[in-house]
Amino acid sequence: MSRKLATITGVHGYVPDYILTNQELETMVDTNDEWIQSRTGIKERRILKKEGWAASDMGVEMVKGLLEKTNTKPEEIDFLICATITGDRIFPDTANTILDKVGAKNAFGYDISAACSGFLYALSTGAKFVESGSHKKVVIVGLDYMSSIINYKDRSTCIIFGDGGGAVMLEPTEEKTGVQDSILRADGSGREYLHMKAGGSLKPHTAETLALGEQYVFQEGRPVFKAAVRGMSSAVKDLLQRNNLTNDDIDWVVPHQANIRIITSVANQLDFPMEKVMLNIHKYGNTTAGTLPLCLWDYESQLKKGDKLVLTAFGGGFTWGAIYLVWGY
Ligand code: UT7
């Protein structure tokens with residue numbers, strides 16, 4: 001009997017209404033539109049400013065839209081994974097808060113913390129549950145509320161990140177569509193270059209850590225940049241090779257949207273034309289675990305059943321990887 005695959009049957013995204021432009025950032029820190037656009041490709045990003053809203057509320061918008069699109073009742077969801085590093089609280093998880101808020105009474109869930117690679121890790125994990133036959137309707141959410149952990153006085157990070165993300169539905173299929181293969185990697189020694197200095201058990205918050213701004217994202221950009229290009233290029237190359245695929249077989253490369261220069265370097269190294277590369281960094285910036293589902297949502301109308309996609313990401317941890325999937329609708 002052939003293996004049942006987990007196929008994506010719908011995607012839905014959410015970004016907040018508020019648009020933080022490069023021009024507004026010029027009034028907040030010593031930066032300028034020309035530097036931001038030429039160094040990152042970002043023109044604007046979305047910022048969540050709704051009173052009382054947290055990461056789960058964005059997730060609820062994504063999941064409600066997804067349920068409507070896929071004609072699914074909340075009680076039919078079996079399992080939900082939320083990839084995020086900006087959950088509502090350190091604990092409990094955000095996945096189960098989303099499930100509660102959408103009225104999914106028959107499901108369980110958990111969060112995956114793999115920063116910008118979170119959606120890859122979560123999609124690969126969710127697909128295994130579907131492939132095993134144990135779960136039939138699995139929702140994968142990738143989202144981040146980055147503005148809640150960004151220091152808007154630090155020009156090296158505040159220009160990059162934005163809020164938002166998306167969700168996909170995974171279901172079993174007898175066809176050859178869905179998640180085909182994945183390569184997931186990690187190198188924990190990279191944690192020194194991209195992290196939050198305080199707020200965990202290593203260094204709980206004190207008045208001093210707060211005064212020092214250690215509740216915000218810290219990043220050494222250059223080493224992360226180099227490792228991102230290396231990691232994504234090698235993951236995609238290895239994945240294509242072991243599936244006997246050439247660049248011509250691939251319809252779309254879906255890269256993490258961290259920096260347009262990282263994306264073009266990866267495309268160049270792999271010899272992929274930019275026309276095959278999904279891009280929306282100019283309007284959303286880096287939404288961490290949200291970038292890949294936001295790309296799928298933005299390009300949904302251009303996707304056809306049978307299209308071959310390679311998703312790739314690199315992020316804090318370090319974490320990285322690539323997924324090969326065939327679009328299902
Ligand atoms: O998604 C998770 C993984 N993260 C990433 O993939 C991010 C990887 N890193 C990057 O994307 C880039 O390293 C950054 C966008 C963060 C920075 O770009 P860069 O080209 O690596 O700049 P840099 O940090 O080497 O800084 C170059 C110069 C410095 O000035 P000096 O020392 O050469 O005089 C910075 O102080 O640019 C200056 N600079 C800025 N100038 C204007 C740094 N930030 C800004 C700014 N506006 N916002």
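Which residues line the largest cavity? Select Val253, Pro255, Ile263, Val266, Ala267, Leu270, Phe272 and Val277, and you have the lining on screen.

Before going further, a word on the ground rules: this is a predicted model, where local features need pLDDT of at least 70, side-chain atom pairs count only at pLDDT 80 or more, and totals for chains, interfaces and linings use all residues. Residues are numbered from 1 along each chain as its sequence is written, and side-chain values use heavy atoms, with hydrogens and water left out.

**Stop 1: the cavity**

Stay with that selection. A cavity here is a set of points, on a 1 Å grid over the protein atoms alone, where a 1.4 Å probe fits but cannot get out; lining residues have an atom within 4 Å of a point. The structure holds one cavity of 30 Å³ or more, and the largest cavity contains about 40 Å³ of space. Volume means the space filled by probe spheres set on the points, with grid points joined across faces, edges and corners.

Colour by element next: β11 (252-255) and α9 each supply at least two residues of this lining, and α9 has the largest share, with four. Helices (H or I, at least four residues) and strands (E, at least two) are DSSP runs, numbered from the N terminus. By class, the cavity lining has eight nonpolar residues, no polar and no charged.

**Stop 2**

Buried means under 20% relative accessible area, exposed over 50%, and partly exposed in between (1.4 Å probe, protein chains only).

Zoom in on Ile250. Not counting residues up to four places away in sequence, Ile250 touches Leu240, Leu245, Phe272, Lys276, Lys308, Val310 and Tyr324. Contact means heavy atoms within 4.5 Å.

**Stop 3: two domains**

Colour the chain by its domain assignment: domain 1 (5-176) and domain 2 (180-277 + 299-326). The bounds come from an automatic or database domain assignment. The C-alpha centres of domain 1 and domain 2 lie 16 Å apart, and 29 residues of domain 1 are in contact with 31 residues of domain 2.

**Stop 4: the largest pocket**

A pocket, unlike a cavity, is an open set of grid points with protein on both sides within 12 Å along at least five of seven lines. The largest pocket has a volume of about 1200 Å³. To centre your view, pick Ile85, Ser113, Ile149, His195 and Met196, the closest to its centre of the 40 lining residues. β5 (108-112) and β9 (194-196) are the elements that give two or more residues to this lining, and β9 gives the most, with three. The lining divides into 17 nonpolar, 15 polar and eight charged residues. Why is the largest pocket between the domains? Both domain 1 and domain 2 give residues to its lining, so it lies between them.

**Stop 5: the second largest pocket**

Here the volume is about 670 Å³. Select Ser156, Ile160, Gln219, Gly221 and Asn259, the closest to the centre among 31 lining residues. The largest share of this lining, six residues, comes from α8. By class there are 13 nonpolar, twelve polar and six charged residues. Domain 1 and domain 2 both contribute to this lining as well, so the second largest pocket also lies between them.

**Stop 6: helix α11**

Finish on Thr291, found in helix α11 (residues 291-299). Is Thr291 buried or exposed? At 2% relative accessibility, Thr291 counts as buried. Leaving aside neighbours within four places in sequence, Thr291 is in contact with His256, Gln257 and Asn286. Select the whole helix and you'll find α11 mostly covered, with seven of its nine residues buried: Thr291, Leu292, Pro293, Leu294, Cys295, Leu296 and Tyr299.

Technical notes. Ala, Val, Leu, Ile, Met, Phe, Trp, Tyr, Cys and Pro count as nonpolar, Asp, Glu, Lys and Arg as charged, and the others, Gly among them, as polar.
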